[in-house]
Amino acid sequence: MDILTGLLEGSPMLALFVAIGLGYALGQVPVLGVTFGAGAVLFSGLAIGAIAPRAAPPGLVGTLGLLMFLYGTGIQYGAQCVAGLKGPGLRWILLALLAVVAALFAARAVGEMLGLPMAVAAGMFAGAGTSTSALQAAITAAGGGPEPTIGYAVAYPVGVIGPILLMGFMLRLFRPEIPVAAPALRHAEVTLRPGAPPQRLAEIEATLPEGIRILATRRNHQNAPAEPNTMLAGGDGLLLLGPPATVAEAVALLGEEEEGRLGKDRSDYDLVRVIVSKPAFRGRTLAEMPMPACPLRIAQIRRGDAVMMPAPDLALEYGDVLVLLAESGHRPEITAHFGDSVKGNAELSFISIGIGMALGLLAGMIRVPLPGGGGFSLGVAGGPLVVALVLGWRGSTLGIGWRMPVAANIVLRNFGLSIFLGQVAIASGRPFVETVAAQGPAVLAGAALVLATIVLTVLLIGHLILRIRVDDLFGVCAGATGNPAILAGANRLLGSDRADIGYAIVFPTMTIAKIIAVQLMLG
C-alpha cells in the first residue's frame, strides 16, 4: 500500500487517469437498474484520495474539465432551451424552478437540524440535484475547501437512483396514460387511386395536409424526382415524407400505400447518404449551398439522432447526414462534392471554442447586485454555460460557426466531466472518509429528503395541478434533477424518447438556477 500511495502521489496525472478508467468501469455496473456512467469517477476518485491524499492534480485541471462540460452542454441545448421559452416550455421551467427553490430551503433546514457546516449542506444540495456546476460554485463560494465535495459525494447516489425509483412509483400509484410515441418522420409510397384524373404535381400537393413533402414520382414504370409540372394520373406513384399522422391522412386522400413501389427500382434514381465534412458547407443554409451538377434532391437530414425536413433556411453543420434522391451513376461525384468523411463527426472549430469560452469566462466575472445589498456572479461555472446557450441558439455569428457535431460534443462533455469529478474527488478523499465515519447516515438521510423535495414537487404539482402529460413531466423531472442517467431511466419507464424534449428545455436553466442558489446559500 505504501508503494501504491507513493506512486500515485508522485504522479497526480497518473492518479487522475486511474480514477477516470476505474470510474468508467464502475459506471457500467447497474445499481438497482441504474448505471452511473461518468458519475462513477467521483467514487473511484474519492477512493484514490483516501489512500493518497497528496495525489490531487492542481485545481486548474478540474476547472478546465468543467469548462469543457458546460460549454458543450450549452452549445448542444441552446436552441431547444430558447425555443422552450415559448409555449408549454416556460411553464415547465417555472415548475422545475419551484422545485429547485424548495430543495434549497430543505437543504438549509436539514443542515441546521443536523448541525452540518453550511458548505456541506450546499454540497448536499448540489449532489441531490446531481449538478457538478453547482458543486464548483459551492467550492468557490466556500473558499476552496473540501466540505462541498463531501456533501456532494454522499448525496450523489441518492440523486441519481432516487428520481428513477420515484417516477416508477408514480406510474404504479396513479397509472397515468402513457401516449404511444411515434417516429418524428416517416416515408410512404402511395399509388394514386384508379381513375384519378390527370393533374400536375403542384395541384396534387396543394390538396395535401401541411407538413407533407413529395420527394419522387413513378410514372410509366420510371422513377423521377418530384417536379411541379409533372402530370400524374390514377395508378402513378408518389414518395411522401412527413409526420406519421399527417402522412396517414395524405395516403387516405390520394389512394393506397404500396411499400416498395418506388424503392425497389434504383435503375434511374437512387437514395444516396453522404456526411457533410467540408468546411465550405459549415453554417451555410440549404438555399446558399452549392450543389453538384448532376440532378438531385435533398430528401431529409439526419443530425445525431434527429431527423429533419429540409428547409431553405436550415443551416448545415459538420457531421450532418444528407439523404439525397439522385440520378443513378453519380454517387462518386456526390460524395466527393460533400466530403462524406466520418471525420465530419469529430471536427471541432477551436477558433469558436476559444472565443466562446473566453466570452463565457468574462460574463462569469460580472457581479449582479441584489436588492438590499450583496449580489452574485455566474462565475466559471455559470458564465460559460449562459454564453454557450446563446451561441448554440444563434448557430453562427460573423462567419464563425458555434455549433459542433453531436458525437464530438458528447466526447467533449464526458471527458471534461470526468476530469472535473476526478480532480475534486481525489482532493476530497481523506476528509470524505472522516466525515462519513462520523455523520454519514445523517447526511445520507438529509440528501434523500432534499432529493424527494425536488422530485415530488415536480411530479405531484405537474400531474395533479398542471396536468402535464406524463412523458413530458418525466422529462421535466429529469431536467430538474439533471443527470443523464435519470433521463435514460425515464425513457425506459416510458418506452420512448419523448422525455428528451422536457430535459433539453429544463436542464440548462436549472443548472444556472442551482449555481445561483448555492452562491446565495453561502453568500
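Me: Buried means under 20% relative accessible area, exposed over 50%, and partly exposed in between. With that in hand, which class does Asp268 fall into?

Reply: This is a predicted model. In it, Asp268 has a relative accessible area of 24%, and because that lies between the 20% and 50% limits, Asp268 is partly exposed.

Me: Where is Asp268 found?

Reply: Asp268 sits in the loop between β7 and β8 (269-275).

Me: What is Asp268 in contact with, beyond four places in sequence?

Reply: Asp268 contacts Gln222, Asn223, Ala326, Glu327 and Ser328. There is also a C-alpha to C-alpha distance of 8.6 Å between Asp268 and Gly329, and these two are 61 residues apart in sequence.

Me: Switching to the sheet. What is the strand order?

Reply: The order is β4-β3-β6-β1-β7. The sheet is open, has five strands and pairs antiparallel.

Me: Which strands stand at the edges?

Reply: β4 (222-225) and β7 (255-257) do. Each has a single partner strand, so one side of each has no neighbour in the sheet.

Me: How about the twist, what does it average?

Reply: From one strand to the next, the twist averages 30°.

Me: How many residues of β6 are buried?

Reply: Six of the six, so β6 is largely enclosed by the rest of the structure. Gly237, Leu239 and Leu241 point one way, while Leu238, Leu240 and Gly242 point the other way.

Me: On to the cores. Which residues touch the most other members of the largest nonpolar core?

Reply: Leu42, Met124, Phe125, Val450, Val458, Leu459 and Phe474. That core holds 97 residues.

Me: Which helix gives the largest share of this core?

Reply: Helix α14 (residues 406-465), with 15 residues. A second, separate core has 17 residues, including Val274, Leu324, Ala326 and Phe338.

Me: Pick Met124. What is it in contact with, leaving aside neighbours within four places?

Reply: Met124 contacts Ala107, Val110, Gly151, Tyr152, Ala155, Val443, Gly446, Ala447 and Val450.

Me: Ala155 comes up there. By how much does α8 bend at Ala155?

Reply: The bend is about 40°. A proline, Pro157, follows within four residues.

Me: How far apart are the end C-alpha atoms of α8?

Reply: They are 39 Å apart. At 1.5 Å a residue, the 28 residues of α8 (residues 147-174) should span 40 Å, so the two agree.

Me: How many residues of α8 are buried?

Reply: 20 of the 28, so α8 is largely enclosed by the rest of the structure.

Me: What follows α8?

Reply: Arg175, with a positive phi near 50°.

Me: Last one, Gln136. Is it buried or exposed?

Reply: Buried, with a relative accessible area of 8%. Gln136 is in helix α7.

Me: What does Gln136 touch, not counting residues up to four places away?

Reply: Thr63, Leu66, Val380, Ala381 and Phe420.

Note on methods
Residues numbered from 1 in each chain as written. Predicted model: local features only at pLDDT ≥ 70, side-chain atom pairs only at ≥ 80, totals over all residues. Heavy atoms only, no water. Core = buried A, V, L, I, M, F, W, Y, C linked by side-chain atoms within 4.5 Å. Buried < 20%, exposed > 50% of the residue type's maximum accessible area, 1.4 Å probe, protein only. Helix = DSSP H or I, 4+ residues; strand = E, 2+ residues; numbered from the N terminus. Contact = heavy atoms within 4.5 Å. Pairing = 2+ DSSP bridges. Axes fitted to C-alpha atoms, helices over the stretch in contact; angles between N-to-C directions. Expected span 1.5 Å × (residues − 1). Bend = angle between axes of the 7 residues up to and from the residue.
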